[in-house]
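Subject: Structure handover

Hello,

Please find the structure below, followed by notes on what was found in it.

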Amino acid sequence: MEMCFEFLTQEKRVTQRELFYKLLCDSPHYFSSQLQVNRTIQDVVALLRCSRYSLGIMASSKGLVAGRILLQEPNQEAVDCSACGSSGYAISGDLNLLESLIMKTDARYIVVVEKHAIFQRLAEDHVFNQIPSILLTAKGYPDIATRFLLHRVSRAFPDLPILALVDWNPAGLAILSTYKFGSIGMGLEAYRYACNVKWLGLRGDDLQLIPQQSLAPLKPRDLQIARSLISSTTLQDNYRQELAVMMQSGQRAEIEALYFNGYDYLGKYLAKKIVQANYI
């Protein structure tokens, strides 16, 4: 808390990684690992009942946005995210900046994509023009800044459905659940940026679209994640049913398996699922 106070009085912000190295130099007997620092931050957040951002701890963001949305920082020109190419618009770790963004969109959907490579493919193919949409990815498990921006967009445009495209495996469901319910590891902040995300795909009924040889056996890590999900009190019944099918089959499928139908098939797949309102 003393170090956070020091940063705040200097009007500085630090990432958790930067804070760890500062503490490692100043207090090596107290903090010897990043995990210890992360847990202590969580304890301070719980003790003071505040956000880590208000402590001067900045999110380290890896998220990207593309598609039919204009984002304008104060006193800056608006950025057209549909013109950012396959690399997308990099989401800032400054939550105050994200909160101050002026946003305009004519999209009808928000599509949250688990994987960076799939995000790039969809952006490169301008799928957001075929399906008027905003694409967002955190390149795996979502960081706070990416979740914050998704929550901010959903507050600004509450009528836009948020649809998730993840691998058909326990990790994919865990990533979706983090967007939808929050992260247990965030303590009191767990539900702060939760959004009403729907599961678009991949799902069990999509396995007919991919060849059997593209399926892979579940890994020990998958089984560990599955057990954690099953023990969760927030997981809804239809998600539990999907998870049970995964466990019974002992197999997993990745989004890339859809390329069996052609590299341009992803957009067609999304359009078909959305038109049928085939999401849960």
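Three strands form an open sheet in the order β5-β4-β7, and their pairing is antiparallel. Strands here are DSSP runs of E of at least two residues, helices are runs of H or I of at least four residues, and both are numbered from the N terminus. Two strands count as paired if DSSP finds at least two bridges between them. β5 (79–80) and β7 (102–105) are the edge strands with a single partner each, so one side of each has no neighbour in the sheet. Between β4 and β7, which run antiparallel, there are 4 bridges. Glutamine 72 has isoleucine 102 in β7 as its bridge partner.

This is a predicted model, in which local features need pLDDT of at least 70 and side-chain atom pairs count only at pLDDT 80 or more, while totals for chains, interfaces and linings use all residues. Residues are numbered from 1 along each chain as its sequence is written, and side-chain values use heavy atoms, with hydrogens and water left out.

A second open sheet has 6 strands in the order β6-β3-β9-β8-β10-β11, with mixed pairing. Its edges are β6 (89–90) and β11 (197–201); each has a single partner strand, so one side of each is left without a neighbour in the sheet. β10 (residues 162–165) runs parallel to β11 and is joined to it by 4 bridges. Leucine 165 stands opposite glycine 201 in β11.

Helix α7 (residues 144–156) packs on this sheet and touches β3 (64–67), β8 (109–113), β9 (133–137), β10 and β11. Contact means heavy atoms within 4.5 Å. The direction of α7 makes about 160 degrees with that of β9. Angles run from 0 to 180 degrees between N-to-C directions, with axes as lines fitted to C-alpha atoms, for helices over the stretch in contact. Helix α8 (residues 170–181) lies across β8, β9, β10 and β11, at about 155 degrees to β11.

The whole structure holds 1 cavity of 30 Å³ or more. On a 1 Å grid over the protein atoms alone, a cavity is a set of points where a 1.4 Å probe fits but cannot get out; a pocket is an open set with protein on both sides within 12 Å along at least five of seven lines; lining residues have an atom within 4 Å of a point. The largest cavity has a volume of about 50 Å³, a volume being the space filled by probe spheres set on grid points joined across faces, edges and corners. Its lining includes Val65, Ile110 and Leu149. β4 (69–72), β9 and α7 each give two or more residues to that lining, and α7 gives the largest share, 3 residues. The lining divides into 9 nonpolar, no polar and no charged residues. Ala, Val, Leu, Ile, Met, Phe, Trp, Tyr, Cys and Pro count as nonpolar, Asp, Glu, Lys and Arg as charged, and the others, Gly among them, as polar.

The second largest pocket has a volume of about 260 Å³. Of its 14 lining residues, Met1, Glu2, Met3, Leu23 and Phe31 lie nearest its centre. α1 (2–9), α2 (16–26) and α3 (34–48) each give two or more residues to this lining.

Two backbone points remain. The peptide bond from glycine 201 to leucine 202 is cis, with omega near -15 degrees. Glutamate 11, in the loop between α1 and β1 (14–15), has a positive phi near 55 degrees.

Regards
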